[in-house]
2 protein chains.
Amino acid sequence: MSSQPLRSQTVKVKDVAREAGVAVGTVSRVLNGHPTVTPALRERVERAMADLGYEVDVTAQSMRAGRSRLVACAIRDFDIPRFALFIKEAEVVLREAGYTLLLASTTNRPDVEIDLLGAFRRRRVDGVMMTLSDERHRDVREALSEAPMPVLLIDRDSIASLDRVMADHREGARLATNHLIGFGHRRIAMLVGDTKAFPSRSRLDGFREAYSATGIAPDPKLLRDNVLSSEDAYRATASLMSLANPPTALFVAAMDMLGGCLRALRTMSIAVGDGISVVAGSDSDLAELHTPPITAIEWDLAAMGRHAATMLLERMRGDEIERGRGLTVPTQLIIRGSSRPLAN
Amino acid sequence: MSSQPLRSQTVKVKDVAREAGVAVGTVSRVLNGHPTVTPALRERVERAMADLGYEVDVTAQSMRAGRSRLVACAIRDFDIPRFALFIKEAEVVLREAGYTLLLASTTNRPDVEIDLLGAFRRRRVDGVMMTLSDERHRDVREALSEAPMPVLLIDRDSIASLDRVMADHREGARLATNHLIGFGHRRIAMLVGDTKAFPSRSRLDGFREAYSATGIAPDPKLLRDNVLSSEDAYRATASLMSLANPPTALFVAAMDMLGGCLRALRTMSIAVGDGISVVAGSDSDLAELHTPPITAIEWDLAAMGRHAATMLLERMRGDEIERGRGLTVPTQLIIRGSSRPLAN
DNA sequence: TGGAGTCAATGAACCGGTTCATAAATAGTT
DNA sequence: AACTATTTATGAACCGGTTCATTGACTCCA
C-alpha cells in the first residue's frame, strides 16, 4: 500500500487516469457508470480512485452539465413547527433522488422573493419550491415567469401555469365554522393571516360559505386579518374580548397562532370552553394537551412535503406532464372540549 | 417544439464584452468591483450587462475560485421547533454575508453524517455546522478530521479542535434538579435522550451534581435514557408511573418530549402538580399554557444560531483565531406551577 | 484473406467564468 | 525630448470535469 502524503493537493481525474494508465475520458465514463467500459478497465480505474482517495468535484460537473442537482426551498418563515415537517420530508425525497436542498426564508416579502429567485437562477438551481407573500404581485409574477427552472408553489393556488401543492383550507374552515354554528354560535370571531395569500383567503371563503347557510352575515367587527405573529394574535384576541358585544366563539385560523390567543384569554381570565369556544386552525401538542383540549383543523404536512418533492422531481425530469398540476391535501376537524354548545 | 439547449440563449461574459466593446477580463473586473477600471468603461459595461440581461453563473465562479459560497447545516432532525429557530437565525446571518444555506438532516445516524460530509466536500462547501450522533465515533471523527472546510459543532463539545456553540445544559439540569430537591423531592425521575451526545450527557451530569449535595444517590430505576421520540416519552412516563414505588417528580430533560409525557399522565389520570411535579427540559407554548403551567429550562436558540453563523464566517475568512473556540449560551429555569413542594 | 460491422478507448474541445503576464497609454521627471 | 513609472486594458490559460468525433482492435462471414 502506497502511503504518500496526498492530503495537501486534491486528486483529479487526470491523476486517476495516469495512475490507472487510461485516458481521462475513460475515468469519467467509469465515474458515470457508462456501459461501454470493459470490466477489467473499470476495475483498474476504481482501484486507482480508491488508492488515490479521489472525489469528484460536483462544482465542475455542474458547470459542464448546466445543472447543479440543487433544489431550493424558500418559505416565509421556517420556524413554524409544522412547516419544518414539510421541509424534512421533502429533503428526504430529494436526497434519495440525488439532490441537495437549499433553504432560505422569504420573511414574506416580495422583494426578498424576487431576490431569491435571482440567486437561485445564478446558482443554476434545478428546481424551486416556495411560498409567495402575494400571488398577484406583478414583479413576483414576472420573476416567476422568467425563471428558467421549474417552480412549485407551496400552499398557493393562483398561478395556474405552475405546479402547486396545497391543503384544503377552505373545507377545513368550513367544517370548523359549521361545527360552531351547529352549536348555536352566531357571533364567531375569526383570526386569519394575510388574505393576499391562498391559505388565509380560502379559510375566509370557507368561513363565509358556512355562514351563508345560516342566512345571517358574519359581523365584520369580529374579523381580524393580518395576524402574523403570536403578539398579533394576543392583541387581536384581547381587543375582540373587550368589545361591548364580544364573540361567543373564536376561530384562530392562522397557523401557529393559538399560543398568543390562549395567553390573552388567560390574562383576561376567560375560561376556554365555558366563557368562549375556541377552534384552532392547525393542530399541535398545545391544542391536544391544553385544558380543555382545543378543537383543531388537521392535515398532513409531511405528505405535502413528499408530494411537493415528488412532483418537482417529475417536472425536473422533463416528463411529459400537463402544465400546472394542483394537488390538494384534505383537511379534517378534530373535535375536542374547547368548542361547546352556546349556553343560554 | 424547439428544444434548443437553454444554454445557447443565456448571455455570457463574452456577449457582454462584445456588446460593450471590451475584453472579457474587463467585464469580469467590473463584475467583481475591481478598482482598476475607468468609470467610463465601468459604466459602458454595466449598461451592456443591463441591456442584455446578463447574470453571472455562480457555478462557473465556484469552479474557478474553488469555493462555492455555500454553507451546509446538518442536524439530527429539524422538525424540532426550537431548532428551526436556530436555523432561521443562522440563515439570515449567512445570507447577509453572501452565503447560501444547504440543509440536510442526519436522522442521528453516524453513517449519514459521514455520507453528508462527503457530499459537502464534493460540493466544495465552504463551511459546515452540524450536530453529531456520537462524538466519540471513530469513523465520524476521521471524516471530520479529513474535512477540508471548517466545521462547527452545534451543541456538541468533545472535539476540541473544532469550533463549538452550545447551551449550558449541565447548569440547566442542575438548577432544575436543585429546585425539585429544594421542594423535598428525593425520588426524581429523569428522561433524557442519547447520552452519547453532549446535551443529554451534560444534563445527566447536572442532575447528578445536584443530587450529590443531598448525600443520597438517585435511584437508577428512575433514569430513562434514549428517549428520542414523543412515543418514547409516553412509554417511559407510563412505565415510571407504574412502578411499585413511583417517582414524586418528573424531569423531562430531552428536548421537545414534554407532549408525550403529559399525554401519558393524562391517560393515567395523574394530575400534574398535585400527583407529580413536572419540569421540562425546554420551554414551549405547551409548557407555558398548560394547566398548570410547566416549569421549564430555557435558553436562547436564536442567539446560538447567530453565534454559530458568525463564528463559522470568521473561521472561513481564515482570520487568525485560535483553533476550537467554544461558546456556551446560558440556560435558566422558569419556575411555574407544575413543580411543587412534596406533600407529606 | 479481405472487408464490413461492432465495440472500447482516446483526447481535444468545451462549459463560463477569473487571473495574471503583457502591452499600451498616460503621467511625471529631468 | 527622452526616459521611467504608473495606470489601465487585454486575452490566453486555467479551474475539473464531460462529450463526442475519431481511432484502433476485434469479430464475423463470404
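**View 1. Parallel strands β3 and β4 of chain B.** In this predicted model, strand β3 (residues 127–130) of chain B runs parallel to strand β4 (residues 151–154) of chain B, and three bridges join them. Across this pair, B:Val128 stands opposite B:Val151 of β4(B). Helix α6 (residues 110–122) of chain B packs on the sheet, where α6 touches β1 (70–75), β2 and β3 of chain B as well as β2 of chain A. The direction of this helix makes about 175° with that of β1(B).

**View 2. The sheet that includes strands of both chains.** The open sheet has 12 strands with mixed pairing, in the order β11(A)-β5(A)-β4(A)-β3(A)-β1(A)-β2(A)-β2(B)-β1(B)-β3(B)-β4(B)-β5(B)-β11(B). Its edge strands are β11 (326–329) of chain A and β11 (326–329) of chain B, each pairing on one side only. From one strand to the next, the twist averages 20°. β2(A) pairs with strand β2 (residues 100–105) of chain B in the antiparallel sense, over three bridges. Here A:Leu102 has B:Leu102 as its bridge partner in β2(B). Strands of a sheet pair, in parallel or antiparallel fashion, through backbone hydrogen bonds.

**View 3. The contact between chains A and B.** Chain A contributes 39 residues to the contact and chain B contributes 39 residues. On the side of chain A that touches chain B, at least two residues come from each of α4 (58–65), α5 (81–96), β2 (100–105), α6 (110–122), α11 (258–267) and α12 (285–289) of chain A. The largest share of that side, seven residues, belongs to α5(A). By class, the side of chain A that touches chain B has 18 nonpolar, nine polar and 12 charged residues.

**View 4. Nonpolar cores.** The largest nonpolar core has 92 residues, and A:Cys73, A:Leu102, B:Cys73 and B:Leu102 touch the most other members. Leaving out residues up to four places away in sequence, B:Cys73 touches B:Ile87, B:Ala90, B:Leu101, B:Leu102, B:Leu103, B:Met129 and B:Met130. Another core, of 84 residues, lies apart from the largest one and includes A:Phe251, A:Val279, A:Ala296 and B:Leu258.

**View 5. Surroundings of the DNA strands.** DNA strand C is surrounded by 28 residues, the closest being A:Ala23, A:Gly25, A:Thr38, B:Gly25 and B:Ser28. These 28 residues comprise 13 nonpolar, nine polar and six charged. Around DNA strand D there are 27 residues, of which A:Gly25, A:Ser28, B:Ala23, B:Gly25 and B:Thr38 come nearest. The surface near DNA strand D has 13 nonpolar, nine polar and five charged residues. α2 and α4 of chain A and α2 and α4 of chain B each supply at least two residues of the surface near DNA strand C, and each supply at least two of the surface near DNA strand D.

**View 6. Backbone details in loops.** Most residues other than glycine have a negative phi, and most peptide bonds are trans. A:Thr291 and A:Pro292 are joined by a cis peptide bond with omega about -10°; A:Pro292 lies in the loop between α12 and β10 (295–298) of chain A. In chain B, a cis peptide bond joins B:Thr291 and B:Pro292, with omega about -10°. B:Asn108, in the loop between β2 and α6 of chain B, has a positive phi near 60°. B:Asn108 counts as partly exposed because 19 other C-beta atoms lie within 10 Å, and 20 or more are needed for a buried residue. B:Asp256 has a positive phi near 65° and is placed in the loop between β8 (249–252) and α11 (258–267) of chain B. B:Asp256 counts as buried because it has 24 C-beta neighbours inside 10 Å.

Methods. Residues are numbered from 1 along each chain as its sequence is written. Chains are lettered from A and ligands numbered from 1 in the order in which they are written. This is a predicted model: local features need pLDDT of at least 70, side-chain atom pairs count only at pLDDT 80 or more; totals for chains, interfaces and linings use all residues. Two residues are in contact if their C-beta atoms, placed from the backbone, lie within 7 Å. Helices (H or I, at least four residues) and strands (E, at least two) are DSSP runs, numbered from the N terminus. Ala, Val, Leu, Ile, Met, Phe, Trp, Tyr, Cys and Pro count as nonpolar, Asp, Glu, Lys and Arg as charged, and the others, Gly among them, as polar. Two strands pair if DSSP finds at least two bridges between them. Axes are lines fitted to C-alpha atoms, for helices over the stretch in contact, and angles run from 0 to 180 degrees between N-to-C directions. A residue is near a molecule or strand if its C-beta atom, placed from the backbone, lies within 6 Å of it. A nonpolar core is a set of buried Ala, Val, Leu, Ile, Met, Phe, Trp, Tyr and Cys residues joined through C-beta atoms within 7 Å. A residue is buried if 20 or more other C-beta atoms lie within 10 Å of its own, exposed if 12 or fewer, and partly exposed in between; C-beta atoms are placed from the backbone.
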